[in-house]
Amino acid sequence: MTYASPVPAGPRDPRDTMTHLPTGEPVYDVLDDRFMACIDLVAQLERLATGYRWAEGPVYFADQHALLFSDIPNGRILRYDEHSGAVSVFREGSGNANGNTRDLQGRLVTCEQGVGRVTRTEPDGSVTVLADGFEGHRFNSPNDVVVRSDGSVWFTDPSYGRETSFVGIPRPREIEGDHVYRLDPATGALTVVADDFWKPNGLAFSPDESLLYVVDSGYLPDPAGPRHIRRFSVREDGTLRGGEVFAEITPGIPDGIRVDEDGRVWVGAGDGVQCLAPDGDLIGRIRVPEAAANLAFGGPRRDRLYITATTSLYAVFTNVRGVQRP
Ligand code: MG
């Protein structure tokens, strides 16, 4: 399904060519002229597939022209084939998998939030546990993960997957806080890199990896909590400093984030995908008919933004290129 309206004849304002949702709302919300360079106003928002219970964790495999994503409550990882448009089951019994990424060798790395571990899928399909706890205590429920160019695996561990049976397995927590971790898969060394979050969630490095953006979605479940993105400087030794608020995100909560080659931050929120300039200004929005959780740039030119939004998978072509390794 494609959401689009006929292009008006002889538009005087390029924004008149903007595609629209079935509700009549424009797909694009241009809040700053800087956003105009990021989009093609006639590019349509496509609903590629639907019928999921709660979709998250998209990760693109250029070598397979495919996108993997999680349906958390159904405990499945799904595979969208970019050529045929078909969706198949990549894995049943995913441990309520949530965020996915790839390591430097292209292997799938997954946060299994129902089981409470971070795993790697080997080329033969076997699953290796990278980490399942810290100092003898099991993780809360790893939520999202990113791999740095030195091979280190960075992930967040909020307690969502221990609180309800919809997205995990209710069970008492073993670790007092909800932290951000850095894992060196070569040595197994695991460190807490940030311990002052309510609910750390999506995370992404800036293009040169000097900055790390981390979402705090503590507003869910406690409205007294934050719903913002924090920005840290990454030191040579892999520790963080700073951590100031980069942007407040409403409506809903911020969840997954991705960075494009020019350093803009794209974040899933209650009204779709929001685009933030490197200075933190909200410059535009791609409206999505369902609350958007996670996103991933894909396609042969890495300019197609895939969006997992509640029950559906959407995509839209942009005019930027996302950063993702490999
Ligand atoms: Mg998340």
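Modeller: Strand E20 (residues 228–234) and strand E21 (residues 240–248) run antiparallel and are joined by seven bridges, where a strand is a DSSP run (E) of at least two residues, numbered from the N terminus, and two strands pair if DSSP finds at least two bridges between them. This is a predicted model, in which local features need pLDDT of at least 70 and side-chain atom pairs count only at pLDDT 80 or more, while totals for chains, interfaces and linings use all residues. Residues are numbered from 1 along each chain as its sequence is written, and side-chain values use heavy atoms, with hydrogens and water left out.

Within this pairing, Ser233 stands opposite Arg241 in E21. E20 and E21 make up a hairpin, with five residues between them, and in its turn Gly238 has a positive phi of about 85°.

Elsewhere, the model holds two cavities of 30 Å³ or more, a cavity being a set of points on a 1 Å grid where a 1.4 Å probe fits but cannot get out. The second largest cavity has a volume of about 70 Å³, counted as the space filled by probe spheres set on the points. Its lining, meaning residues with an atom within 4 Å of a point, includes Gly57, Pro58, Asn100, Asp144 and Arg258. At least two lining residues come from each of strand E4 (55–61), strand E18 (200–205), strand E22 (257–259) and strand E26 (294–298). By class, the lining of the second largest cavity has five nonpolar, five polar and two charged residues, with Gly counted as polar.

Methods
On a 1 Å grid over the protein atoms alone, a cavity is a set of points where a 1.4 Å probe fits but cannot get out, and a pocket is an open set with protein on both sides within 12 Å along at least five of seven lines; lining residues have an atom within 4 Å of a point. Helices (H or I, at least four residues) and strands (E, at least two) are DSSP runs, numbered from the N terminus.
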